[in-house]
Amino acid sequence: KNKLESNLVAYYTFDNYTILGDVISDISGNEIDLTIPNLESKTGYFGESIDMTSTTSSYLDGVIFDGEQKYTMSVWAKNGTGGSFGAFIDNSINSTDNGVYFGRLHSPEGIRVQSNQNFKNDYTLSEIRDGLWHHYCAVFDGNNLKLYMDGVLQTPNDEYRAGAYTIPKQTVSARVGNSNDLYPFLGEMDEFKIYNTVLTEN
């Protein structure tokens, strides 16, 4: 395997051939399949996508972040017009003990990339509700959080880093398509990849 393949934790194309009933196959070879009730397949950016609006979240069995773990997450998404928070992926025990979060933010309107409760960046992005497909890539190198939208590095409007505080390793697996099982991502997702390493711009 090359570096990309060996560091790929999970990969979901959401194409119809990877879906059987409520189960979405992980094609990374790690067999971390998703079970998402009420999923709706639509025409995606590549092949098919899933509309998360009427779904509940699915746990990624065994995918647990520790607040300091390096990662790269990549997704194509088309946001809906409603809702507030809505995660592409979330690994929080509750609203207080927050871990990794990558998804929509309602105030300001944009995207939040978070490693733990006291280490997060907020980005104001007016394009979040334009009804078009955009590519979002979140990167955490252990010290810095970055967000790329459509291949362009974004400048955070708010960075919160409270000393060396980090949360303990989470005890629950990460969720896809929902935050704390309370805030579903209202929109479509396509080509979702999780890596346990830092990918460069190249």
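Colleague: Is Asn116 buried or exposed?
Modeller: Asn116 counts as buried, because its relative accessibility is 0%. Buried means under 20% relative accessible area, exposed means over 50%, and partly exposed is in between, with a 1.4 Å probe and protein chains only. Please bear in mind that this is a predicted model, in which local features need pLDDT of at least 70 and side-chain atom pairs count only at pLDDT 80 or more, while totals for chains, interfaces and linings use all residues. Residues are numbered from 1 along each chain as its sequence is written, and side-chain values use heavy atoms, with hydrogens and water left out.

Colleague: In which strand is Asn116?
Modeller: Asn116 has its place in strand 11. Strands (E, at least two residues) and helices (H or I, at least four) are DSSP runs, numbered from the N terminus.

Colleague: What does the secondary structure of the whole chain come to?
Modeller: The protein chain has 1 helix and 20 strands. Of its 202 residues, 51% count as buried. Among contacts (heavy atoms within 4.5 Å) with a separation of 6 or more, 64% are between residues 24 or more positions apart.

Colleague: Let us turn to the core. How many residues does the largest nonpolar core have?
Modeller: That core has 38 residues, and Phe102 and Tyr136 have the most contacts inside it. A nonpolar core is a set of buried Ala, Val, Leu, Ile, Met, Phe, Trp, Tyr and Cys residues joined through side-chain atoms within 4.5 Å. Several strands each supply at least two of its residues, including strand 1 (8–12), strand 9 (86–90) and strand 12 (119–124). Strand 8 gives the most, with 4 residues.

Colleague: Which residues does Tyr136 touch?
Modeller: Leaving aside residues up to four places away in sequence, Tyr136 touches Phe102, Phe88, Ile111, Tyr148 and Met149, among others. Met149 is also the bridge partner of Tyr136 in strand 14.

Colleague: How many bridges join strand 13 to strand 14?
Modeller: There are 5 bridges between strand 13 and strand 14, and the two run antiparallel. Two strands pair if DSSP finds at least two bridges between them. The hairpin of strand 13 and strand 14 has 4 residues between the strands, and Gly142 takes a positive phi near 100° there. Strand 14 is mostly covered, with 4 of its 5 residues buried.

Colleague: And what follows strand 14?
Modeller: Strand 14 pairs with strand 15 in the antiparallel sense, over 2 bridges. Met149 stands opposite Val152 in strand 15. Asp150 is in the loop between these strands; the hairpin has 2 residues between the strands.

Colleague: Which phi does Asp150 have?
Modeller: Asp150 has a positive phi of about 55°, although it is not a glycine. Most residues other than glycine have a negative phi.

Colleague: How accessible is Asp150?
Modeller: Asp150 is partly exposed, with a relative accessible area of 41%. Glu191 also has a positive phi, of about 50°, but Glu191 lies in strand 20 and counts as buried because its relative accessibility is 11%.

Colleague: Now the largest pocket. Which residues lie nearest its centre?
Modeller: His135, Cys137, Leu199, Thr200 and Glu201 lie nearest the centre, out of 14 lining residues. On a 1 Å grid over the protein atoms alone, a pocket is an open set of points where a 1.4 Å probe fits, with protein on both sides within 12 Å along at least five of seven lines; lining residues have an atom within 4 Å of a point. About 280 Å³ of space lies in this pocket, the volume being the space filled by probe spheres set on points joined across faces, edges and corners.

Colleague: Which strand gives the largest share of that lining?
Modeller: Strand 13 does, with 3 residues.
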